[in-house]
Amino acid sequence: MSLIFNNFINDSNISILVNFPFDLIKAVDSSNIGYIFSNKELDDLTVEQFLEKTNVSKEKIIKAMQLVLLPSRLFSVSISCLTKSERLRLQLAELLLKNVDILICKDFFEGMIHSEKEYFKRFFRNLIQKQNKKIIVLENDMNFICETVRKFYLFTNDGKYRLVDDFYD
């Protein structure tokens, strides 16, 4: 399985893995990988304090918040007061500021309304196409995956996988 992960990292034509086994993800150790999980424990800080840990300017922090649809009024709010969707987007803002190459997202779209999903579909497509980011998605929303990219590896519960070149064909 680590071979498929290494092939994925080195293959410029494949940008998304779907349902990659979580145990193997935890085994990968790299500073180029960022994790976004709905149940990830976040420090009990304000949004500002959390994002300041990335050691970038306040201007860049605000821009990252805007990119992930977090309003500036949340800047001084405690993370514990954010919705689940806002906490996931906060994690994405952190990873953008850290400029990781690989994003691992688990249940990222859970709780988002349709317009937010549409925005992030375009957002992730931009990360893949223009910034050469790789994304591992642990997500049940296959419509999102198929509308975002044309080729991806799909993993099944029995540990097998296949390259999907055009899901709807």
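Q: Which residues line the second largest cavity?
A: In this predicted model, the second largest cavity is lined by Ile 62, Met 65, Gln 66, Leu 70, Pro 71, Ser 72 and Phe 75.

Q: What makes each of these a lining residue of the cavity?
A: A lining residue must have an atom within 4 Å of a cavity point. Ile 62, Met 65, Gln 66, Leu 70, Pro 71, Ser 72 and Phe 75 are therefore the residues that meet this condition for the second largest cavity.

Q: What is the volume of the second largest cavity, and how many cavities are counted?
A: The volume of this cavity is about 30 Å³. The count comes to 2 cavities of 30 Å³ or more.

Q: How is the lining of the second largest cavity divided by class?
A: The lining has 5 nonpolar and 2 polar residues, with no charged residues. Ile, Met, Leu, Pro and Phe count as nonpolar, whereas Asp, Glu, Lys and Arg count as charged.

Q: How do you know whether Asn 55 counts as buried or exposed?
A: To be called exposed, a residue must have over 50% relative accessible area. The value for Asn 55 is 70%, so Asn 55 counts as exposed. Asn 55 is also found in the loop between H3 and H4, and it has a positive phi of about 60 degrees although it is not a glycine.

Q: What makes H5 largely enclosed by the rest of the structure?
A: Of the 15 residues of H5, 11 are buried, and H5 is therefore largely enclosed by the rest of the structure. Among them are Leu 88, Leu 90, Leu 92, Leu 95 and Leu 97. Ser 85, Glu 86, Arg 89 and Gln 91 are buried in H5 as well. The buried residues of H5 pack against strand S2 (33–37), H3, H4, S3 and H6.

Q: How do you know that the span of H5 agrees with its number of residues?
A: The expected span is 1.5 Å times one less than the number of residues. For the 15 residues of H5 this gives 21 Å, and the end C-alpha atoms are 21 Å apart, so the two values agree. Just after H5, Asn 99 takes a positive phi of about 55 degrees. Asn 99 lies in the loop between H5 and S3.

Q: Why is the span of H6 said to agree with its 18 residues?
A: The 18 residues of H6 should span 26 Å, and the end C-alpha atoms are 25 Å apart, which agrees. The buried residues of H6 include Phe 120, Phe 123, Phe 124, Leu 127 and Ile 128. H6 is followed by Asn 132, whose phi is positive, near 55 degrees.

Q: Which residues have the most contacts inside the largest nonpolar core?
A: This core has 41 residues, and those with the most contacts inside it are Leu 51, Leu 92, Leu 103, Phe 108, Phe 120 and Phe 124. The elements that give two or more residues to the core include H3, H4, H5, strand S3 (102–106) and helix H6 (114–131). The largest share, 6 residues, comes from H5. Another core, of 6 residues, lies apart from it, and among its residues are Ile 102, Ile 104, Ile 136 and Leu 138. In soluble globular proteins, nonpolar side chains tend to be buried together.

Q: How many helices and strands are there in the protein chain?
A: The protein chain has 7 helices and 6 strands. Buried residues make up 45% of its 169 residues.

Notes. Residues numbered from 1 in each chain as written. Predicted model: local features only at pLDDT ≥ 70, side-chain atom pairs only at ≥ 80, totals over all residues. Heavy atoms only, no water. 1 Å grid on protein atoms, 1.4 Å probe; cavity = no way out; pocket = protein on both sides within 12 Å on 5 of 7 lines; lining within 4 Å. Points joined across faces, edges and corners; volume = space filled by probe spheres on them. Core = buried A, V, L, I, M, F, W, Y, C linked by side-chain atoms within 4.5 Å. Buried < 20%, exposed > 50% of the residue type's maximum accessible area, 1.4 Å probe, protein only. Helix = DSSP H or I, 4+ residues; strand = E, 2+ residues; numbered from the N terminus. Contact = heavy atoms within 4.5 Å.
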